[in-house]
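Here's a quick briefing to read with the model open beside you.

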Amino acid sequence: MAERTPTQTPATVASPDPAAPPPRRRRRMKDLRKQPGFDTMAWFCLFCLYAPIAVLVVFSFNDNRSVVRWTEFSLRWYRAAFENDGIRHATWISLQVAFVAMVFATTFATMAALATTRVRAFKGQTLTYAVINQPLMVPEIVTAVSTLAFFVLIKQVTGLNGIGFLMLAHTVFCIPFAYMPIRARLEDMNLTLEQAAADLYGTPFQVFRTVTLPLMAPGIVAGAMLAFVVSLDDVIITLLVGGPGETTLPVYIFGQIRRGITPEINAVSTVLLGLSALLVSIFFLIGNKRK
Amino acid sequence: MATQTEIRDPGTPQAAAAQDVMIHAEGVIKTFGEGAGKITALDNVTVDIRKNEFFTLLGPSGCGKTTLLRLIAGFELPDRGQILLDGQEIGHLPPYKRPVNTVFQSYALFPHMSVARNIGFGLEMQGRPKAEIKTATEEMLALVQMEHLANRQTDQLSGGQQQRVALARALAPRPKVLLLDEPLSALDLKLRKEMQIELKRLQGETGITFVFVTHDQEEALTMSDRIAVMQAGCILQVGTPKEIYNNPARRFVADFIGDINILEGELQQDGGAVLLPGGASIGALLPEGAARSGKVSIAIRPENMGLTAPDAADASLTGEVTNIVYFGAGHNVHVALDGGGEVLVRRAQTDAQVGAKVGLAVPDAVQVLVD
């Protein structure tokens, strides 16, 4: 597929322009990097960001009950964590909630992104963006308290109960996180492509299925990843809204910490970190593809 | 600006027979925005585009030519007026219900599909059988000489190749009309010349009506069967390239296409002749509906003027040569008229000297312009 036919050469001369800007941008970046103290500053920032995490990860492999004094390498805390029923149950709850929240939040976010980008500019468009993204700005504890109060009201009136409420709460706060990459993707997409599809006899549904959806798929996957991670990591809202037996992994860790830090917690945190890092990496890889 | 001046070739009856008309637009008005920012993109446009012709909408940017194209395609709906396609009112149908396809300025090829699937897309949407799509796609690939690239992704193609795919994709469903929105503007000069000939060939081979939008007057003259010159949302003149070039009816049309000398004169003999500033009287070609007396502007192409001795019998005007510029295929001789003003004379050969007194020969009849 990659081989070039010789007939192509005269035609490719056509566009010298797009090649022009990159060298300039590269030079500017180089200039910034040559500023005195740039390297020191960068390494210092990275150290501050990752040193605590590195300590946590290192001591999860320590063959000792202490989390400050190193003795020997061991996987005993990982085994202990794996055999701990509390941790297993919390992980299962976490995955269930995160999966359900991801599916619904991504669906709603996709619909919202389509409704705010695939229409003529309308009055109150900026307000709409603000309203959709507001949950990112509202202090989480406020969201948590208000959600709790709201759910108590509903539970009293309807008599309903269960993990569905926790999933609903997660879905709601995940929507803006899923919305952002999907909207960014749609705004990058050329509207002419959909016009071309309609011009070639595609009904609105056919256009969506054959052109819009495949082209926005990377944005949807990225949004879903982000929603999953955000749900997986949440403590405050889950702590308040979650009923008995609805302990997610971060909430379980939070509870254990109050009885003192153990290497077992380090091990669980490391696993959670690994999972989050994996998903966020996929998110960035997808985001950079096919630009 | 509701009236339109149209010069038709003498042999054709005023109203072309209805069965010859592919697109009939009647009193089309289109505005964008509201209040103070309101823009009238099309101001009461009426035009007939005939079957199987290469029709060009020519005008500067912002004249409404692309808006008219988008109205025919269905991407915009008219505020008022009718658009008939082959006798059927289509003005308010969505794009997918119109047997009209578009070649976009940006090509708009689907980046997630191969060249072949791009070309077959229209037929796929129409739900045609797979075998038919395959045959039609192969036929189209052959028509635009792209058979060897059928399985490429579109981002692996050069600009000229993308152009061909865009053409093949729009032609594959055999539309009644093909709309082309400045499709050659992204190509370099040499490739553009090639594609001009290629487009003309494709139009002849397929027999499909082409409606081509451009701001390039040379491109329009080269390719078109007929041209509509547009300005500020109005069609000023419709005619063959020769009519538009030799007999521009409006000052804007004369100015927009090629070099032209515009002189002032006065109509005589009920509009049959025009009196030039130097005292000579020559025949006048009046556009339809023009006044038959009073002061008027006349237009003469530089290549239709001759240089003679100042006292020669055919010297309708006299002046002094101010400059001679050689441009390869000939000379541009600039002459300052004795009565004031300057004209340009284009001759293949000339023995004129700068500073010499010359006489200017003009055609027997000259075109009178309406503002």
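In chain A, the centres of domain 1 and domain 2 lie 30 Å apart, taken over C-alpha atoms. The domain assignment puts domain 1 of chain A at 34-74 and domain 2 at 84-288, with bounds that come from an automatic or database domain assignment. Keep in mind that this is a predicted model, where local features need pLDDT of at least 70, side-chain atom pairs count only at pLDDT 80 or more, and totals for chains, interfaces and linings use all residues. Residues are numbered from 1 along each chain as its sequence is written, chains are lettered from A and ligands numbered from 1 in the order in which they are written, and side-chain values use heavy atoms, with hydrogens and water left out.

**Between the two domains of chain A**

- Nine residues of domain 1 of chain A touch eight residues of domain 2 of chain A, where contact means heavy atoms within 4.5 Å.
- Between them, domain 1 and domain 2 of chain A bury about 700 Å², and carbon and sulfur atoms give 71% of that. Buried area here is the accessible area (1.4 Å probe) that two parts lose on being put together, summed over both.
- On the domain 1 side of chain A, the residues that lose the most area to domain 2 are A:Leu56, A:Ser60 and A:Val67, together 59% of what that side buries.
- There are zero salt bridges between domain 1 and domain 2 of chain A; a salt bridge is a side-chain nitrogen of Lys or Arg within 4 Å of a carboxyl oxygen of Asp or Glu.
- The rule does find one residue pair in polar contact across this domain interface of chain A, both at pLDDT 80 or more. A polar contact is a pair of N or O atoms within 3.5 Å; within protein, one must be able to donate a hydrogen and the other to accept it, and residues adjacent in sequence count only if both atoms are side-chain atoms.

**Where chain B meets chain A**

- Chain B brings 34 residues to the contact and chain A brings 27 residues.
- The two chains bury about 2700 Å² between them, with 59% of it on carbon and sulfur atoms.
- B:Tyr96, B:His112 and B:Met125 supply 24% of the area that chain B buries against chain A, more than any other three residues.
- The salt bridge count between chain B and chain A is zero, while seven residue pairs are in polar contact across the interface, both residues at pLDDT 80 or more.
- On the side of chain B that touches chain A, α1 (65-73), β6 (100-103), α2 (115-125) and α4 each supply at least two residues. Helices (H or I, at least four residues) and strands (E, at least two) are DSSP runs, numbered from the N terminus.
- α2(B) gives the most to that side, with four residues.

**A four-stranded sheet in chain B**

- The order β2-β1-β4-β5 makes an open sheet of four strands in chain B, with antiparallel pairing. Two strands pair if DSSP finds at least two bridges between them.
- β2 and β5 of chain B sit at the edges, each with a single partner strand, so one side of each has no neighbour in the sheet.
- Strand β1 (residues 21-32) of chain B is joined to β2 (residues 39-50) by eight bridges, and B:Thr31 has B:Thr40 as its bridge partner in β2(B).
- The hairpin of β1(B) and β2(B) has six residues between the strands, and B:Gly33 takes a positive phi near 80° there.
- Five bridges hold the antiparallel pair of β1(B) and β4(B), with B:Ile29 opposite B:Arg80 in β4(B).
- β4(B) and β5(B) pair over two bridges, and B:Leu85 has B:Gln88 as its partner in β5(B).

**Strand β14 and its neighbours**

- Five of the seven residues of β14 (residues 294-300) of chain B are buried, meaning under 20% relative accessible area, with exposed over 50% and partly exposed in between (1.4 Å probe, protein chains only).
- Seven bridges link β14(B) to the antiparallel strand β11 (residues 261-268) of chain B, where B:Gly265 stands opposite B:Val296.
- β14(B) also runs antiparallel to β20 (residues 365-369) of chain B, over three bridges, and B:Ser297 has B:Leu369 as its bridge partner in β20(B).

- B:Asp86 has a positive phi near 50° and lies in the loop between β4 (80-85) and β5 (88-89) of chain B.
- B:Gln145 has a positive phi near 55° and is found in the loop between α3 (130-143) and α4 (159-171) of chain B.
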